Amino acid sequence: MMPELTRLQSLLALLAGGISLLAVLTELVTGMTAPLPLLAVLVIGAVTLIRVRSSLNFWLDGLLSVLGAVLLLSVLPFDGAAPLSYWLAMAAAWLFGWLFADQLAMALHRREVHGAFGVLIPLMFGAALLVLWEACTRAGHVPQVILPAPSMIWARLLQSPGTLFADFVQTFVKAVLSGYVLGCGLGFAVAILVDRSPFFKKGLLPLGNFISALPIIGIAPILVLWFGYDWQSKAAVVVVLVFFPMLVNTVAGLNAASAMERDLMRTYASSYWQTLFKLRLPAAAPFIFNALKINSTLALIGAIVAEFFGTPIVGMGFRISTEVGRLNVDMVWAEIAVAAVAGSAFYGLIALIERAITFWHPSIRGG
Amino acid sequence: MRGWLTVSRFGPLLIVLLGLGIIWYLAALWLNIPAQYGIYQRADVTEWSTPQLIGDAWSQQKPKLPAPHQIIAEMWQETTGYALNDKKSLIFHGWITLSATLYGFVSGTLLGIGLAIAIVLNRATNRSLMPWIIASQAVPILAIAPMIVVIGYNVMAGALDLPTDAARLVSKAVISAYLAFFPVTVGMVKGLRSPEIIQLDLMRTYNASAAQTFWKLRWPSAMPFLFTSMKVAIAAAVIGTVVGELPTGATGGIGARLLSGSQFGQTLQIWAALFAASALSALLVIIVGVAERLVFARMGVKP
């Protein structure tokens, strides 16, 4: 119907422009309560309906979406209920953002814009979620107990860095890191041993695969009884959790080198250890890193859940469960934000090391 | 016989299991005997023989590490010893966990498939969603389980006037769905993209519409991926439900058994709950495996 637009994009364009128009009309009816800049952006949004006749640049849609988001946030908070036009404007901003992302993705695919702009799409999606969260909770007067606004969580983060840092050290630095290193190291060592014996490979691997599918996290209360309330018991839970994925993946990886390559090593008269270090371990690296990445999230989960079964009065899991009880939900979310950042950073770090070590692998060369 | 034990598929597994059982019994002795001395002292028993000591160490009330037969006896007692609606019955708690798991698994799987379809069919969704779905895995979702349960329960039971049991069920199912959707999404994206270009080109030469290409090529070729990821997802769904049952307030479910066992130092109860959860998880994975075989047979896949 419209030039150069797919059916989905035409629909989005019509909806976005139409809703902007509707918002302007409701403002006209209710007597211009919205601030002037927001109104101006809405009018421009309504004008984009001329797209039906002549094509528009998609950067305009992006600009409208971003401007709309900024203005939507700037008019907060409302004393009473937010006017209808506010919600309409929010929907329009979201639709313009979607329209922009869809067109940008198409342009990227056709190589009409530089590939670096590809980062914009996920960034905009994340930002849009945050804006929507902030605007909905504050304009809709959602009780803070149910869902605090992101700005409130940020304020809490800035207010109590001491507590958060102490919890971070207790849970992440002490329990997660020590348990992770120990558990992955053990899994790796056992895998190397098991690999030498076909008997153990046959006996242990099905068992390891089976145990990986079980809710091992249930062992947490037992380990807390054994190792006491401090971080040692949490580290023990992490060790048990990360051991099996590491074992199974490393053994699978050690079998990844093909018979042809092994034969080549034999023709070089290389010893077992030479074959291991120069051929089989490098070939196993993608599998090992896969386990390391899975384990990075498992470890954090294990440590936090283990804290629900008893801790000293510090730690992320402890803080989450007690602050939920006291209905300090902003503190809970601040703790979750710390956990999310720590978890992502941990994962990202391992992914970076993987890129550096397995640079030869097709998935990284982009071949 | 010797050949069967060392070379066949099950022989080595059997021997390793036996070995682990022996290690378990020895470890139970090592961990429980110190406490057994204390028990004898309090009971004023001064003379005991070694077999008696070993037997007693394997049958304590609150052992540090219960022997396997004790756990099995405890499970037997908890499943058959009480009426099905008794708070002490393991079947009662297992059913609570199972129902929340199934709700979570089904909704998580549907969500995962829906997301995967949106990602595969639309370039913008792929670019905007995929990085965040991957990032969502790096976030310790389970950490917010207690919050979702407590708040979800309060909202649903308080503001929405749902009956309390339903509210509890839904809030647990939400967590289990959150854990289950991820493997399904990732697996299905891979699966729906698994047809090769030559096959897609063939569909074009047939002048197949987008819907036809999807239902006749992409969807069938994604099936192996779907079942593989559903096995991971259902195991994750069990974990999500069990952790969702941990926060105080949840009175039923295997997770609640774990928590009350840990609060009262009832190690046998903890182990029985842990074994029950494992059995449940294994059973569900097996059921998915059977479904996989049935579907493949129906699709005409030769084994």
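The model is predicted, so local features need pLDDT of at least 70 and side-chain atom pairs count only at pLDDT 80 or more, whereas totals for chains, interfaces and linings use all residues. Residues are numbered from 1 along each chain as its sequence is written, chains are lettered from A and ligands numbered from 1 in the order in which they are written, and side-chain values use heavy atoms, with hydrogens and water left out.

We may begin with the interface. Of the area that chain A buries against chain B, 14% comes from A:Phe199, A:Pro215 and A:Trp226, more than from any other three residues. Zero salt bridges are found across this interface (a salt bridge is a side-chain nitrogen of Lys or Arg within 4 Å of a carboxyl oxygen of Asp or Glu).

Over all chains, the structure holds 11 salt bridges. Side chains of opposite charge can pair when their charged atoms come close. In chain A, A:Asp330 and A:Arg156 meet in such a bridge at 3.3 Å, N to O. Because A:Asp330 lies in helix α14 and A:Arg156 in helix α6 (residues 150–159), the pair ties together parts that are 174 residues apart in sequence; helices are DSSP runs (H or I, at least four residues), and strands are runs of E (at least two), numbered from the N terminus. A:Asp330 is buried at 11% relative accessible area, while A:Arg156 is partly exposed at 22%. Here buried means under 20% relative accessible area, exposed over 50%, and partly exposed in between (1.4 Å probe, protein chains only).

A:Glu112 forms a salt bridge with A:Arg110, their closest N and O atoms being 3.7 Å apart. A:Glu112 is exposed, at 53%, and A:Arg110 is partly exposed, at 48%.

In chain B, the salt bridge between B:Glu78 and B:Arg257 has its closest N and O atoms 3.1 Å apart. B:Glu78 sits in helix α4 (residues 68–80) of chain B and B:Arg257 in helix α11, so this pair links parts 179 residues apart in sequence. Both partners are buried, with B:Arg257 at 10% relative accessibility. Leaving aside neighbours within four places in sequence, B:Arg257 also has B:Lys87, B:Lys88 and B:His93 among its contacts.

Conventions:
Buried area = accessible area lost by both parts, 1.4 Å probe. Contact = heavy atoms within 4.5 Å.
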